[in-house]
Amino acid sequence: MTSSVPVPLRTPAARSARARGRRSRHTAAWLFAGPTAALFVLFFAYPLGASLYQSLTARRDGVDVFVGLDQYRRMLDDPAFLHSLVNTGLILAVQVPVMTGLALVLAVLLNQSWLRFRSGWRAVFFLPAITTLVAYAVVFQVLLRTDGGLANQFLQALGLGPVDWLNSPTWARISLIGSVTWRWTGYNAVILLAGLQAIGRDQYEAAALDGAGTVRTYTGVVLPQLRPVVLFCVITSTIGTLQLFDENYVLTRGGPGDATLTPVVYLYKVGFQQLDFGYAAAIAWVVVLIIAAVSLLQFRLYGRERRR
């Protein structure tokens, strides 16, 4: 005796019910996703497209005229923009390695079991990252004043002469690098600390059993596993340095003599002081492309090191 399973009849009423169910699910999905999609289009996609179009225009006789890539060609003959790229490259080459190295040392210290009040120390070192950008830049401006600044008072107490921190091209760059390093070292240290805590204690014990010392353990066991976290810190720090604006604008206004001028500060001056919005939009897109290219290069170098 065979049993048969009843097959549901594909009647018009059943098909209509299934169609209504699909429409109901689609309607519910759009009701939830619709506001987010609208906000994305309104505040991201539209401004992005508008800025790209504006970078292809120029203001002539009070009218925006389409000029194609002329604004981008203009950058090649703009000494101020090229100088801002050189400044950013110098700051990037010094600040990111120094800050990453300090953050790594700090993370290792915060990860030691003998350290008391570790949670408190982590909060203290992370605190600068949540300080308002303009507020901390103003504080550094006061600390680094040539006359009466705390930094020069300390140097004079040691018998050294005052330093013109913000009015000398070299010292202005050093001051900018120091202020950015102070703000973001603790932030990166906390991220690196999370990576260190993900490494099991058994790996340290295995290295000790093999006769590896502290330096060998960190260079041969810890750092290879921490490399993705270090890469993340380097990329985010690089992006932040390429977008540098608040610190150098408040401290030096890009001076002295454009010594601390960065592309974003130059963009601000072109767009909001000279009211040349087409050229400012083109500068913004070049900065975006530089950030993408540098990030991709760092990913490629990391992938090559990993294959080795």
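Select Asp276 and Arg74: their side chains meet in a salt bridge, 2.8 Å from N to O. The term stands for a side-chain nitrogen of Lys or Arg within 4 Å of a carboxyl oxygen of Asp or Glu. Asp276 lies in the loop between H11 and helix H12 (277-307) and Arg74 in helix H2, so the pair ties together parts that are 202 residues apart in sequence. Helices here are DSSP runs (H or I, at least four residues), as strands are runs of E of at least two, numbered from the N terminus. Asp276 is buried at a relative accessible area of 18%, while Arg74 is partly exposed at 35%. Buried means under 20% relative accessible area, exposed over 50%, and partly exposed in between (1.4 Å probe, protein chains only).

This is a predicted model, in which local features need pLDDT of at least 70 and side-chain atom pairs count only at pLDDT 80 or more, whereas totals for chains, interfaces and linings use all residues. Residues are numbered from 1 along each chain as its sequence is written, and side-chain values use heavy atoms, with hydrogens and water left out.

**Other salt bridges**

How many salt bridges does a search of the whole structure find? The search finds 3. Stay in helix H2 (residues 70-76) and select Arg73 and Asp70, which lie 3 residues apart, about one turn of the helix. Arg73 forms a salt bridge with Asp70, and their closest N and O atoms are 2.6 Å apart. Arg73 is partly exposed at a relative accessible area of 47%, and Asp70 is also partly exposed, at 37%.

Next, select Arg59 and Asp64. The closest N and O atoms of this salt bridge are 3.2 Å apart. Arg59 is exposed, with 55% relative accessible area, and Asp64 is partly exposed, with 46%.

The phi of Leu275 is near 60°, a positive value in a residue other than glycine, and the residue sits just after H11. Leu275 is exposed, with a relative accessible area of 55%.

Now colour H11 by accessibility. Pro263, Val265, Tyr266, Leu267, Lys269, Val270 and Gly271 are buried in this helix.

Move to the loop between helix H10 (246-251) and helix H11 (263-273), where Gly257 is found. Pro256 belongs to the loop between H10 and H11 too, and a cis peptide bond, with omega about -5°, joins Gly255 to Pro256. Is Gly257 buried or exposed? Gly257 counts as exposed, at 73% relative accessibility. To set a distance label, pick the C-alpha atoms of Gly257 and Arg145: they are separated by 18 Å, and the two residues are 112 apart along the chain.

**Another positive phi**

Select Phe117, in the loop between helix H3 (79-110) and helix H4 (118-126). Its phi is near 55°, again a positive value in a residue other than glycine. Phe117 is exposed, with a relative accessible area of 61%.

Two packed helices are described by the angle between their axes and the distance between the axes. Axes are lines fitted to C-alpha atoms, for helices over the stretch in contact, with angles from 0 to 180 degrees between N-to-C directions.

Show helix H5 (residues 133-143) with helix H7 (residues 169-197). Their axes come within 11 Å and cross at roughly 135°. That angle makes H5 oblique to H7; angles under 35 degrees count as roughly parallel, over 145 as roughly antiparallel, 65 to 115 as roughly perpendicular, and the rest as oblique. The crossing of H5 and H7 is right-handed, meaning that the near helix is turned clockwise from the far one by less than a right angle, anticlockwise being left-handed.

The axes of H7 and H9 come within 9 Å and cross at roughly 155°. H7 is therefore roughly antiparallel to H9, and H7 passes H9 in a right-handed crossing.

**A nonpolar patch**

Finish with Phe40, Val41, Phe44, Tyr46 and Leu48, which make a nonpolar surface patch of about 540 Å². Patches take residues with over 30% relative accessible area and no salt bridge, joining like charges within 9 Å and nonpolar side chains (Val, Leu, Ile, Met, Phe, Trp, Tyr) within 5 Å. Accessible areas come from the Shrake-Rupley method with a 1.4 Å probe, and for residues only the protein chains shown count as cover. Phe44 has its place in helix H1 (residues 12-54) and is partly exposed, with a relative accessible area of 47%.
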